[in-house]
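Biologist: Could you take a close look at one helix and the aromatic rings around it for me? I would enjoy a connected walk through that part.

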Amino acid sequence: MAARLRRQPDSQPDQVIPVGGDFKWPVTLESGDIVLRPIRYRDRREWTALRSRNSEWLAPWEASNPAPGGGLPDYRQMVRSLKVQAAQATALPFVITAWTPGFQDPVIVGQLTVSSIVWGSAMTATLGYWVARDRAGQGIAPTAVAMATDYCFGTLGLHRMEINIRPENGPSLRVVEKLGFRDEGYRPRFLHINGEWADHRTFALTSEEVPEGLLARWLRSRQA
């Protein structure tokens with residue numbers, strides 16, 4: 001089963017189409033109640049409120065700036081940077097949303113960004129995600145990761161997807177384990193997280209490992 005894809009009006013007319021890649025953005029991906037769509041400036045209030053409610057839950061895994069006195073960008077700066085990267089065909093900045101009783105539109109429950117897209121002979125990318133604490137364990141993160149990975153493999157023609165996770169981050173480790181990402185080993189002091197250089201484990205998947213699609217495999221495993 002593939003995620004439903006809706007092409008949105010192109011807000012980036014100067015979009016770069018890399019050699020060897022069929023880059024399409026913006027797009028919206030849907031599977032069941034889960035919808036991945038591009039992050040928007042007008043999401044600021046909803047996104048900020050969600051992050052505030054989940055600050056304690058997310059703090060141990062929060063990226064930080066290693067520069068002396070360095071801080072993180074504010075919401076508008078973050079979205080502007082992500083939009084530039086998308087225009088350069090190096091990132092896919094999604095929010096994870098879910099159809100929820102009592103709401104007219106899908107509500108934001110997390111964020112997923114495909115970044116560091118490399119074309120040419122590599123055809124690879126890195127994926128990062130977070131989900132609100134009260135929605136963890138409901139299959140939302142694996143479904144979102146599977147949808148984004150299938151889009152990168154099937155539509156963009158990428159070959160490899162990588163996810164880097166703190167060894168202490170049990171919920172995120174369970175996501176890649178459920179999806180069958182390979183553990184490629186330990187990376188000491190790989191990223192600056194929560195104020196210090198932190199070790200990570202690297203997980204990866206190549207397109208040949210999921211010829212039927214990652215989402216189809218994941219949904220089938222849930223029914224087993």
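Modeller: Happy to! A charge sits over a ring if NZ of Lys or CZ of Arg is within 6 Å of the ring centre and within 35 degrees of the ring normal. Keep in mind that this is a predicted model. With that rule, Arg51 lies over the face of Trp130, 4.8 Å from the ring centre.

Arg51 belongs to the helix you asked about. In α1, Arg51 is buried together with Trp47 and Leu50. Looking down the axis of α1, the buried residues fall within an arc of 100°, so they line one face of the helix. On the face of α1 turned away from the buried side are the exposed residues Arg45, Ser52 and Arg53. The buried residues of α1 are covered by elements that include α2 (55-58), α3, β4 (92-98), β5 and β6.

Now to the rings. Trp47 has 11% relative accessibility and therefore counts as buried, the cut-off being under 20%. Tyr75, at 8% relative accessibility, also counts as buried. By the ring-pairing rule, the model has 4 aromatic pairs. One of them is edge-to-face: Phe23 and Trp119 sit 6.1 Å apart, centre to centre, with 80° between the planes. Phe23 lies in the loop between β1 (4-7) and β2 (27-31), and Trp119 in the loop between β5 (107-118) and β6 (124-131), so this pair ties together parts that are 96 residues apart in sequence. Both Phe23 and Trp119 are buried.

Since Trp47 is in helix α1 (residues 44-53) and Tyr75 in helix α3 (residues 75-87), the pair ties together parts that are 28 residues apart in sequence. Ring pairs link Trp47 and Tyr75 with Trp130 into a cluster.

Definitions and conventions: Residues numbered from 1 in each chain as written. Predicted model: local features only at pLDDT ≥ 70, side-chain atom pairs only at ≥ 80, totals over all residues. Heavy atoms only, no water. Phe/Tyr/Trp six-rings, centres within 6.5 Å; stacked < 30°, edge-to-face > 60°. Helix = DSSP H or I, 4+ residues; strand = E, 2+ residues; numbered from the N terminus. Buried < 20%, exposed > 50% of the residue type's maximum accessible area, 1.4 Å probe, protein only. Arc of directions from axis to C-beta. Contact = heavy atoms within 4.5 Å.
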